[in-house]
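Hi,

Here is the structure I promised to pass on. Have a look at it first, and then read my notes below.

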Amino acid sequence: MTRLSFSAREKYEQCGYKYYLHYVMRYRSSLLSSALAFGNALDLALNELLIGKDNFHDVFDSEWRKYKDVTIEYYKSDLDSSLLNTSERELPIAEQNFLSLRYKGHKLLDAYHKEIFPKIKKVISIQEEVTIKGYDEDGNETDDSIYGKLDLIAMIEAADGTVHHALLDNKTTSEPYAKNAVQTKDQLALYASGFPDIKSFGYLTLNKKNFKTQIIIDHINQERREEVLMKFIDTLHKIKDNVFEKNTSSCFSFGRRCEFYSHCHRGYFDKHIYKQED
């Protein structure tokens, strides 16, 4: 049985061998990405906001504090010194990064609450799981599947005042999304395959640099849905055929070195790499 999520396929496309080490051999890094930790805390807080609770700052802080004593790999863009007071700017750089992201989290939540939440007229579901089953050439269901978790299905008001029954994805970003992002990015097109009755899809973006928001609503036609679904089916076939090619051009993707760099280039794992037990 092979189960493939959107993030797993992204990892495979980035580097097949990285996928193999992570998902097949189950190697992990004890260093936690700030993007992952921050995203987890923000998601939990947004879920509280979306169900109408006003304690979303507290929820974010409670989750974010769990990472205070964890070794986190921060990005250069995580630190915004303008958010810190004079005494906080004297702290060790890791603590500055930690506080900077806490303040960013609050500002992003406030922006979402002020600018996006009022446009959401009705929340239908949050964190709903979607599973797309595989079929063989004879049309029989297989054990293979593509799966994901949806941020939000809701009735939402678009810029022109029309209200849409839409499948929506919350995104933090450092750059504005293009107006045609729903059409060009694969994630929503994949999820659309699991919800044929939903006609509208959208990205709700939160910019970590300037704290601006976007609501981008669009349609995804059947041809685009099938195109993206076939990409995932092709990846499933490659994984089942044990095709895990190295992509050395991705060793420094997303502003940091791959956690398996030493293994691929020097033949050993760094000390922070361990094998996860079943």
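(Helices are DSSP runs of H or I with at least four residues, strands are runs of E with at least two, and both are numbered from the N terminus.) Ser100 is buried, with a relative accessible area of 0%. By buried I mean under 20% relative accessible area, while exposed is over 50% and partly exposed is in between, using a 1.4 Å probe and protein chains only. If you skip the neighbours within four places in sequence, Ser100 is in contact with Asp78, Leu79, Asp80, Leu83 and Leu84; contact means heavy atoms within 4.5 Å.

Before going on, a word on what you're looking at: this is a predicted model, where local features need pLDDT of at least 70 and side-chain atom pairs count only at pLDDT 80 or more, while totals for chains, interfaces and linings use all residues. Residues are numbered from 1 along each chain as its sequence is written, and side-chain values use heavy atoms, with hydrogens and water left out.

Leu101 also lies in helix α5, which covers residues 93–116. Leu101 is buried, with a relative accessible area of 2%. Leaving aside neighbours within four places in sequence, Leu101 touches Ser34, Phe38, Phe60, Trp64, Tyr74 and Asp78. Leu101 and Lys208 are 107 residues apart in sequence, yet 9.2 Å apart in space, C-alpha to C-alpha.

Two of those partners of Leu101, Phe38 and Phe60, turn up again where α3 meets α4. Helix α3 (residues 34–50) and helix α4 (residues 56–65) pack at about 155 degrees, with their axes 8 Å apart. (Axes are lines fitted to C-alpha atoms, for helices over the stretch in contact, and angles run from 0 to 180 degrees between N-to-C directions.) That makes α3 roughly antiparallel to α4; the cut-offs are under 35 degrees for roughly parallel, over 145 for roughly antiparallel, 65 to 115 for roughly perpendicular, and oblique for the rest. From α3, the residues involved include Ala37, Leu42 and Leu49, and from α4 they include Phe56, Val59 and Trp64. The residues of this contact divide into 11 nonpolar, 1 polar and 2 charged. (Ala, Val, Leu, Ile, Met, Phe, Trp, Tyr, Cys and Pro count as nonpolar, Asp, Glu, Lys and Arg as charged, and the others, Gly among them, as polar.)

How do the axes of α1 and α8 cross? Helix α1 (residues 6–14) and helix α8 (residues 222–240) have axes that come within 11 Å and cross at roughly 65 degrees, so the two are roughly perpendicular. Phe6, Arg9, Tyr12 and Glu13 in α1 meet Lys231, Phe232, Thr235, Lys238 and Ile239 in α8. In α1, Phe6, Ala8, Arg9, Lys11, Tyr12 and Gln14 are buried, and the buried residues of α1 pack against β1 (3–5), α2 (16–24), β6 (141–157), α7 (186–194) and α8.

Finally, the whole protein. There are 9 helices and 10 strands, and 45% of the 278 residues count as buried. The C-alpha atoms fill a box of roughly 65 × 55 × 30 Å along the principal axes. Among contacts between residues at least 6 apart in sequence, 66% join residues at least 24 apart.

Cheers
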